[in-house]
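Please look over the model shown here.

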Amino acid sequence: MINISEVIETNEMIEKENLDVRTITMGISLLDCIDSDLDKVNEAIYKKVTTMAKDLVATGKKIEKSYGIPIVNKRISVTPIALIGSAACKTPEDFVTIAKTLDKAANTVGVNFIGGYSALVSKGATKADNLLIRSIPEALAVTNHVCSSINVGSSKTGINMDAVKLLGEIILETAEKSKDADSIGCAKLVVFCNAPDDNPFMAGAFHGVTESDAVINVGVSGPGVVKKALEQVRGADFGTLCETIKKTAFKITRVGQLVAKEASRMLNVPFGIVDLSLAPTPAVGDSVAEILQEIGLEYPGAPGTTAALALLNDQVKKGGVMASSYVGGLSGAFIPVSEDQGMIDAVNAGCLTLEKLEAMTCVCSVGLDMIAIPGDTKASTLSGIIADEMAIGMINNKTTAVRLIPVIGKKIGDIAEFGGLLGYAPIMPVNNFSCDAFIQRGGRIPAPIHSFKN
Amino acid sequence: MNKTIITVVGKDCVGIIAKVCTYLSANNVNILDISQTIVQDFFNMMMIADVSGSAKDFYQLSSELEEVGQEIGVLIKIQREDIFDMMHRI
């Protein structure tokens with residue numbers, strides 16, 4: 001039988017160490033909404049999303065009450081819209097109408113984000129893919145809840161450099177359209193390599209075409225719990241350190257598994273995966289950076305950071321895999337800057353640079369995330385940064401992503417304020433030496449040699 | 001059997017257990033086990049209870065227990081047992 005110390009341990013994790021379930025995300029396939037008549041597409045999308053997800057938020061609240069654990073976000077991901085609108089949309093503006101429909105549906109069911117305003121162009125882009133990408137700045141400016149992601153590369157296909165070039169321009173245009181709010185539109189746009197089909201985390205969530213009609217994916221979090229556990233083993237060797245992270249990750253993930261199963265049962269939608277992630281928030285004590293400090297670094301960015309992050313990421317996976325029957329999504333430690341107070345402090349202290357963050361993305365679960373840079377950064381420079389990050393993903397068979405925010409009107413040292421879970425960020429310097437000629441080449445980078453495994 | 005864990009945390013004072021037990025008995029909640037301890041000067045009590053005999057649903061019990069807690073100045077939580085089982089048992 002459960003004893004009092006176990007009960008106290010669990011409740012202290014929830015109450016004092018910010019243990020929560022970060023998101024229950026319902027993936028909904030919109031493939032059956034495809035039509036050549038745009039009005040019919042919009043109508044079908046609205047109907048399907050609001051029918052499938054009508055009880056999502058209420059169910060999340062019931063689960064919170066039953067177990068006494070906060071479920072911070074309830075969200076929806078849909079099939080990449082470039083596919084759904086391909087028969088009906090003839091202009092970028094046509095795609096924007098679908099973005100508005102998604103936004104309206106999100107409002108109706110009460111979710112805070114709906115992801116899947118996406119295109120998968122890792123090898124090439126269709127006409128519809130290009131129209132969707134060109135519609136992104138407007139779509140993100142006229143909606144509040146819609147998130148967009150573009151997959152521009154994979155280990156199997158190489159990198160679509162035409163898309164990389166275009167997205168540099170699109171990110172700047174998106175920034176410009178939301179310049180009154182510190183270019184927040186860019187916080188809802190992610191560029192991926194090896195994007196997973198079942199990621200529950202925003203802004204990069206979409207419901208892949210390999211998925212069933214509907215699915216429940218859950219993202220767990222709890223950097224504060226790991227940090228607290230590591231405080232107990234200060235000075236111990238790496239074996240002890242890793243064992244502690246692993247055990248803690250196991251406990252955190254078990255809660256995610258329980259919530260995912262319960263949500264799936266109550267909503268009568270199949271359980272997909274648990275995403276084992278350490279996802280920070282700007283709240284004190286909810287920081288991945290603080291874990292790195294507890295491991296022994298003055299600030300993230302100091303020598304040793306990549307090794308510390310690598311072991312953290314690996315142990316989180318080792319502990320989490322046994323705790324859940326199906327693991328997927330991004331799974332690992334997130335290292336966003338604006339969403340993590342410890343990372344912000346490291347930037348302000350002059351310890352953390354964009355280049356070190358790039359190195360860290362080789363071993364973390366995602367990539368360059370929520371980084372504010374000067375608004376006058378050139379489109380080709382953005383494309384160059386994206387290309388570097390995509391190459392890391394392609395060569396290392398991992399997911400990488402870029403979510404950069406060129407904050408229009410702000411310079412190095414200024415602060416960009418995004419608010420809420422997105423936090424705030426100091427504007428970081430970017431290497432401005434030119435890569436114009438590189439980006440201008442066009443075409444695609446072929447798949448790496450180790451992708452030929454057949 | 002519908003096992004739940006009721007926890008009471010707060011400054012120790014006369015009648016905490018009595019108040020909580022009175023409420024539970026009035027609502028036909030059967031107490032299977034009680035334990036208590038003091039952590040950092042705070043009174044911590046845990047009850048394992050069976051709520052299947054209660055006419056009220058879990059959510060109603062939860063908010064009413066919260067109110068009982070407010071009356072006596074302690075924090076009362078009711079949670080389904082699975083969360084602890086999942087976390088601490090393989």
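H8(A) and H10(A) are roughly parallel to each other, a term for angles under 35 degrees. Their packing angle is about 15°, and the axes of H8 (residues 223-231) and H10 (residues 288-295) of chain A lie 8 Å apart. Helices here are DSSP runs of H or I, at least four residues long, numbered from the N terminus. Axes are lines fitted to C-alpha atoms over the stretch in contact, and angles run from 0 to 180 degrees between N-to-C directions.

This is a predicted model: local features need pLDDT of at least 70, side-chain atom pairs count only at pLDDT 80 or more, and totals for chains, interfaces and linings use all residues. Residues are numbered from 1 along each chain as its sequence is written, with chains lettered from A and ligands numbered from 1 in the order in which they are written.

From H8(A), Pro223(A), Val226(A), Lys227(A), Leu230(A) and Glu231(A) meet Val288(A), Glu290(A), Ile291(A), Glu294(A) and Ile295(A) of H10(A). Residues are in contact if their C-beta atoms, placed from the backbone, lie within 7 Å. By class, this contact of H8(A) with H10(A) has six nonpolar, no polar and four charged residues.

Between the chains, the contact takes 18 residues from chain A and 23 residues from chain B. On the side of chain A that touches chain B, H1(A) gives the most, with six residues.

Leu354(A) lies in helix H13 (residues 354-360) of chain A. With 17 other C-beta atoms within 10 Å, Leu354(A) is partly exposed, that is, between buried (20 or more) and exposed (12 or fewer). Beyond four places in sequence, Leu354(A) contacts Ile371(A), Met428(A) and Val430(A).

Terms used. Helix = DSSP H or I, 4+ residues; strand = E, 2+ residues; numbered from the N terminus. Parallel < 35°, antiparallel > 145°, perpendicular 65-115°, else oblique. Contact = placed C-beta atoms within 7 Å. Nonpolar A, V, L, I, M, F, W, Y, C, P; charged D, E, K, R; others polar.
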